[in-house]
Amino acid sequence: MPYGSRLAAMMTRRIGRECVYTPSARLALYLALRRWCRPGARVLMSPVNDDVILFVVLAAGLRPVQAPVSQWDGNIDPAAVPESTWRDVDAVLTTNLYGMPDRVVELRRRCDELGIPLIEDAAHAIGTHVDGQPIGTFGTAAAFSLSKHVAAMAGGFLVVEDARTRRELELLRDDLLTPRRLRDDLSTTLRPLARSAVRTLHLVRPVWRTMQRLRLLERDDFRMALHAPRLAGSARHAPSLAAYEPWVRVDLHGFRSRHGALVRGQLELRMALLDGDLARRRAGVSLLSGTAWATPALRGRAGDGPPSLFRVPLLVHDRDALLERLVDHGVVAGYVYDPPLDDYAGAEFVEPSPDPTAARWFAAHTLPADPLLARRIAAALTKERATAAHPPLSATQVPAPDPTTTLPTPLGP
Ligand SMILES: Cc1ncc(COP(=O)(O)O)c(C=O)c1O
């Protein structure tokens, strides 16, 4: 039996496609990029993304091309991508940021016309659908992350179209896995338990502040330190996961560990709880999308009901100060992708977006709210008198059309 096949079978039942188990979504993405893109290929992606994903693309020996994005959800705006860029890219990588779906129907059509692969990053989007079809089934391949759901801190999947490709990718994966270590398995199993104990005991604030003071966090800022000269040196070895490991492993050092039965057994138990987790997320999204801070892209989803997002993008003024004050209310937000990747890494490492305005605005004003903490966050933001932010042009612009959007109707918090 291939490694992780029980977990893969659980995911196949959910999504209806062939699945390869991986210890992380980032490893799944690396596998997909290596399988479908030749070294030197140009990959269109949103600059409002985790920096880890930028380093995965670089590790695969590819050139990240930053796309214009929607100011309402940070995902690629296909209509704003210049024709010259479309002609020049070799693959498209989606984000489905915070679980808000990418414009996958349009992207799929474009990729089919151009004969290039569409790789879906569905790490945030395990419960997201477009016209009833799950995100992760539109592309050539898709990556999912269990770290983002059911409070697991390990696990992922690469979803592919057929059994032959799955078998090929299982072999590629096995080559990249590092050997199992009992100590790592124990810490992977215990960390999520420790995290939920901290929450239950209302210790989030003192624990977070202590970790900040002791410099135990891997990032001083929203973005990790780039170490440009070292990064440039690694390019000589690309494609190579090992050469980029110091960047790719941030937040998840076991991203390529061959976890044993202890970790995988725990993930199976947690996956069995996924539907309950998604239902609770939907309830939280419903609450937060009725506030004045919610992105207009969320409001009035006719028929479908609220989506089960990983985070709800709230658009607020003074976002950074609010994030700090939320810690005093026991909420550490995380997943802030500011500045956009082209401003962060510069033209040496990425191809800048032809129009960075929307990405900069969205990145600077988005407060990603965990829908599982919706009540607490809504109460804290009300107490802190948070005000809703609107893009400079929003008076004359309506949200770009996307599968989930209707016009905004501002509501009070
Ligand atoms: C958009 C996005 N994709 C992929 C990943 C990687 O997921 P994992 O931590 O399972 O490797 C992350 C991690 O935060 C992410 O934010």
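Helix axes here are lines fitted to C-alpha atoms over the stretch in contact, and angles run from 0 to 180 degrees between N-to-C directions. Helices (H or I, at least four residues) and strands (E, at least two) are DSSP runs, numbered from the N terminus.

**Ground rules.** I am working on a predicted model: local features need pLDDT of at least 70, side-chain atom pairs count only at pLDDT 80 or more, and totals for chains, interfaces and linings use all residues. Residues are numbered from 1 along each chain as its sequence is written, and side-chain values use heavy atoms, with hydrogens and water left out.

**Entry: helix pairs.** I looked up α1 (residues 5-15) against α11 (residues 261-271). Their packing angle is about 15°, and the axes are 10 Å apart. The angle is therefore roughly parallel for α1 and α11 (angles under 35 degrees count as roughly parallel, over 145 as roughly antiparallel, 65 to 115 as roughly perpendicular and the rest as oblique). I noted a left-handed crossing for α1 and α11 (left-handed if the near helix is turned anticlockwise from the far one by less than a right angle, right-handed if clockwise).

Next I took α12 (residues 274-289) and α16 (residues 374-383). I read an angle of about 20° and axes 9 Å apart. So α12 is roughly parallel to α16. Here α12 passes α16 in a right-handed crossing.

**Entry: ligand.** How many residues surround the ligand? I count 15, and the closest are Arg26, Asp121, His124, Ser145 and Tyr337 (near means a heavy atom within 4 Å). By class, I get 6 nonpolar, 5 polar and 4 charged residues in the shell (Ala, Val, Leu, Ile, Met, Phe, Trp, Tyr, Cys and Pro are nonpolar, Asp, Glu, Lys and Arg charged, and the others, Gly among them, polar).

I then checked polar contacts (pairs of N or O atoms within 3.5 Å). Aspartate 121 puts a polar side-chain atom 2.6 Å from a ligand nitrogen atom. For lysine 148, a polar side-chain atom is 3.0 Å from a ligand oxygen atom. At alanine 25, a polar backbone atom is 2.9 Å from an oxygen atom of the ligand. Taken alone the ligand exposes 390 Å², and the protein buries 97% of that (Shrake-Rupley method, 1.4 Å probe).

**Entry: backbone.** I found a cis peptide bond between alanine 238 and proline 239, with omega about -5°. Proline 239 sits in the loop between α9 (228-234) and α10 (241-248). Aspartate 338 and proline 339 are also joined by a cis peptide bond, with omega about 0°. Proline 339 lies in the loop between α13 (319-328) and α14 (341-345). Alanine 151 has phi near 55°, a positive value in a residue other than glycine. I place alanine 151 in the loop between β8 (141-145) and β9 (156-160).

Definitions and conventions
Polar contact = N/O pair within 3.5 Å; in protein donor to acceptor, adjacent residues only side chain to side chain.
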